[in-house]
Every structure is written in C-alpha cells, then in structure tokens.
Amino acid sequence: MELTYEWTSAFAKSFGLIYLMVLSLGITVYAFWPSLGKRFDRAAKSVLDDEEGPCR
Amino acid sequence: MMTRLTVAERQSAMFISGLVAVAGFAMAVAGHGDPMGAHGWITLLFAATLFFLAGEALYHDEPTEDRSAEYYDDPTKAGILISLAWAVIGMGMGVWVAAQLAWPDLRFDAAWSSFGRLRPVHTSGVIFGFGGNALIATSFHVMQRTSRARLAGHVSPWFVLLGFNLFCIIAASGYLMGVTQSKEYAEPEWYADLWLVVVWVVYFVLYVRTLARRNEPHIYVANWYYMAFILVVAILHIVNNLAVPASFGAAKSYSAFAGVQDAMTQWWYGHNAVAFFLTAGFLGMLYYYLPKRAERPIYSYRLSILSFWGIVFFYIWAGSHHLHYTALPQWAQTLGMTFSVMLLVPSWASAGNALMTLNGAWDKVRTDATLRFMMMAAVFYGLSTFEGSFMAVRAVNSLSHYTDWTVGHVHAGAMGWVALITFGSIYTVVPLLWRRETMYSWKLVEWHFWLALAGTVIYIFAMWNSGITQGLMWRTYTESGTLAYSFLETMLAMYPYYVARVIGGSLFLVGAILAAFNVVMTIRNVGYRAPQIDYPTASEAGEPAIPAAE
C-alpha cells in the first residue's frame, strides 16, 4: 500500500470524520447524561473541602 | 527532608543516585574532550551530592509519626522553591537577551553569551525550569487532595522532581557550550532526551498509581488535564527526538526525519508543547486553585469535561499552521489552520468557565491579589487563544509570520496566562503547604500583580507594534517592483520597541523576584497555623462546603 495523497485524504474523509464525530457525540452525551449530574456536582464541590488529610 | 524517609527508602535513594553517578562517570569518560564529558561531570556531581545526602540520613532515626495520616508534601515544597529559582534565572536571561537585541554590545564578545546560546537558556529556563517544576509540584499537591490519597511512594516523587531538574541543568549548561539539536523547545541532545524519557515514565506511573489509590468515585477534572499533560508530552518528546547519535561519546545526533517531514514533526511537537505543556497542565492548576481560592465550585463542571476533550483532540492537529507557505503540502497547512480556528471554541469555553466561576466573588477579586492573578490569567488565556486562532489563518500569517508579532503572541500566553496562573497558584498553595497563617506580605503580592500586568501589557504592545511594522515593511514594494526597505531599515524601525520590551520584561522580572522573596519570608517569618483543618469551611458566599461523605 502506498501512502499517497488520495489514500490519506480518503482515509481522513471517512475514518477520520467518523471517529471525530462519534467521539464528540459520545463526550457530549457523557457530559450531559442526566444521572451523572450529581456525581459531577459532588466532584466540583469536593475540592473545596479536602484539606483534612488523606483517607489512605 | 531525607529523615522523613524510612531506612529502606533512604537506601533505595542511595542506590538510584549511585547508579546515576556511575552513569555520569561513564559519560565523562566516553565524552572526554566533548561537551558530553562536561555533562558527565555535572551528572556525577549532582548524583553524588544526593547520594551523600541520603547516606547521611542513615545516621538518623526513622520517622515515628504515622505518615499515612497526612499528605506527603515535601517534594511539592521543594518543587515550588526550585520553580521560583528557575523563574528568576529564566526571566533574567530573557531580559538579558532582550537587551542584547536592543544593544548588541551587551554580548561582551564571549561565545557562550551570544544570543543564539542564551535564548534557549531563557526559553527552557522559563518553560521547563519555572513552568515544569511548578507543574510537577502542583500536580503532586492536586492529585493527593482531589484523590484524598497519599502519593504512591516516597522515593519516586523525588526521582521525578530531581531527575527533571537534572535534565534542565544539562539542557541549560549544554546551550552555553553550544550543544543543540536545533529543534525549538527540544534543543537538548540525545542523552538528555533519553534521561527525560525515564523520568517522565516514572512520573506517569506515579500519577496513575496515586489515582488508583483514590477515595473519590470520580476523578476530578484537574487530574485529567495533568494526565493529558504527562501522557501527551511523553509521546511528543519520544517521537520528535527520534535520532541516531553520531557516536556514543559526543553530543551530536541526526534526526530520524529529514526535510519537510522533519519540519512537520518538529512543529507537531512544538505546537503541542504549547498545548500540553503550557496549556493542559496549567488548566489543571486553574481548575483546582481558582475554585479553591474563590471558595466557589467551578461554574460548569460539564463544560469543563467538554472543553477538555475539545482541547485534547483539536490541538493535536494544529501544528502545521507553523509551516504556512513552506514546502509542506497545502492541504496539510489548511488542516492545521482549520483545527486552529476550531480550537477557539474549547479555549474560550475554559476561559469563560473560569471567569463565570468568579461571578458572585468579584469583591474577592478586588481585594485579593492572589485571586486577581488567576482572573487575569483566564483573561489572557482567552485573549491569546483568540490571537492564536487568528494568526493561524493563512492570510494573517502571511503578515505575522517570522515577525515580532509571533514573539508578542507567545509572551501574551507565557507571561499573561502561564506565569500569572502559576504565581496565583503559588500564592494560594504556599501558606497551605507550610501551614502558615498567610503570605508574609500581601502588599508585595499586590505589587507583584501590578508589575506583572504592566510588564506583560508593555511587552505585548511593543511586540505588536514592532511585528506589524516589520511585516508591513517586508511586503512594501516600490513602483518598479523591488522591495522598498532594506533589512537594516526594518531593524532601525524596531529599535524603540526593543527598548520598550526590555522595560516590560524587567518589570515582570522584578515581580518574580518579589514573589521569591515573599515566599521565602513566609516560610521563615510567618506564624504556624494548626494543620487539622487549614481550609476555611464557612464560605462568605453562604455556601457551606459539603463534607466528602454526603
């Protein structure tokens, strides 16, 4: 297989496109998944109260 | 600090530094008569000092306190101090090279003090010395707090910190001797590069092992940024530095790539050094220390996740915008340009997220210079990412490339964003780390803030003026189609701006010296504060912090 411009561009326009679209959709779904809201809120607040020492 | 290690840990520290000392001696012998030999002696001296420090500790008793009851902060403390020392060295070098451009006689006719050798000392000194040490130190602090777990190991954090500094010393001393592989931000030669790979792999393993011990269900977003910084910098460093040494006894190697492939690999590395060294890691700082200092959780945690993945996946494609109008194929240039423009979205999402976090805490921004450092860093982050996307557009680049505008852009990012967020984080973390009531002098923090801001603004305005003047003069033609200005005429036009740059840089340097003084005085002169709960849980905003166990 030769690494030509045509091959690279076809690869970018097919696999590259799909991979970026799927990835961005997946991340958006993850970030806005309703049931994860609580977990994110807790994580956001956790940094405000972490100086008491390690748990282990 | 060595006496806080167990006997077994002191022995393994001796074993490791002994091995490094032997390797240094081997380098000194093999590289006799070459700069590599000098590097061998430096390595030997560095490792032998550590060997005897660890050995001396063997005469002392083992620590008796329960080490698992507290975080392990000694490497963080050392890292913060080393970082401030590099800040003064690196920025001092910057002022010197800036002054050389305005007044070339300041070279004093020595080979080692020529612009080409001092400039990488400045860039590596501030990026790796100041920025890198601050990143390593704060990452140790943040990963422990956000995981509520101790560092996974006592020797490996020291290995990472001191090993990285050995790399920095080898790099800086090598430049002065004329050692370089002529790759921007990747100048050190093959043996330094190999050493950094070892250090970086240990760093990565340490980070992952500490996260694996975490007692929180979710990995806080700051850790993701630090992880991206460590992982991607490892990949970039290894690929860009693939080279064959000319001999095992000399500081000279040949890149595995040639021609335009070499240029593309270098700028894939170079731009992602900006992305993952100077952005991702410092965003990790921002996402931890800004909410901490403002006593408010980040405005939108969801947005921080989205912008994280946006930054990671867009930045990696943006490097080719450094090679507009070169032998690089047009489509590859366009790809870099497109991704650079798209990058504006996650970049501004991060900057906006930081500024929105301060909504409701603006009174604190007014009174607390530490928080103002971080606020201003977010503003400069927004400004310089906009400027970067704009300059990556090919038509704009035709005016800006190779001019001082690029230098101005880099410094808007490096001074305005990277240095301000680092100083804000240092002022936040120093009283916490050393268990002090407050910083030694808040007035000095205030002075530092205004010096840094004035220095940055003077610097970037000078470079905008200089760069655009230069770019326009280069592309002005006479009626007969020849260039209107000679190179020397453009140099004369730039002179006043070069003087202004020296002034701006000097103000910034004075601020960094004040910071180092303030930190040292805090450690020596400020009263102890009880360590049980050193974070105020009663927030002024009326939002009591929620305990970990809900």
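Predicted model: local features only at pLDDT ≥ 70, side-chain atom pairs only at ≥ 80, totals over all residues.

Domain 1 covers residues 1-58 of chain B, while domain 2 is made up of 73-245 + 258-525.

The contact between these domains takes 16 residues from domain 1 of chain B and 14 residues from domain 2 of chain B. On the domain 1 side, two elements give two or more residues each: helix H1 (7-30) and helix H2 (35-57) of chain B. H2(B) provides the largest share of that side, with eight residues. The table sorts the residues on the side of domain 1 of chain B that touches domain 2 of chain B by class.

| Class | Residues on the domain 1 side, chain B |
|---|---|
| Nonpolar | 11 residues |
| Polar | three residues |
| Charged | two residues |

The largest nonpolar core has 165 residues, and those touching the most other members are Tyr225(B), Phe229(B), Leu286(B), Met374(B), Ala377(B) and Leu420(B). Helix H8 (residues 259-294) of chain B supplies the largest share of this core, 20 residues. Both domains of chain B take part, as the core draws at least three residues from each of domain 1 and domain 2. In soluble globular proteins, nonpolar side chains tend to be buried together.

Leaving aside neighbours within four places in sequence, Phe229(B) is in contact with Leu135(B), Phe276(B), Phe277(B), Ala280(B), Gly281(B) and Gly284(B).

Notes. Residues numbered from 1 in each chain as written. Chains lettered and ligands numbered in written order. Core = buried A, V, L, I, M, F, W, Y, C linked by C-beta atoms within 7 Å. Buried ≥ 20, exposed ≤ 12 C-beta atoms within 10 Å, placed from the backbone. Helix = DSSP H or I, 4+ residues; strand = E, 2+ residues; numbered from the N terminus. Domains from an automatic or database assignment. Contact = placed C-beta atoms within 7 Å. Nonpolar A, V, L, I, M, F, W, Y, C, P; charged D, E, K, R; others polar.
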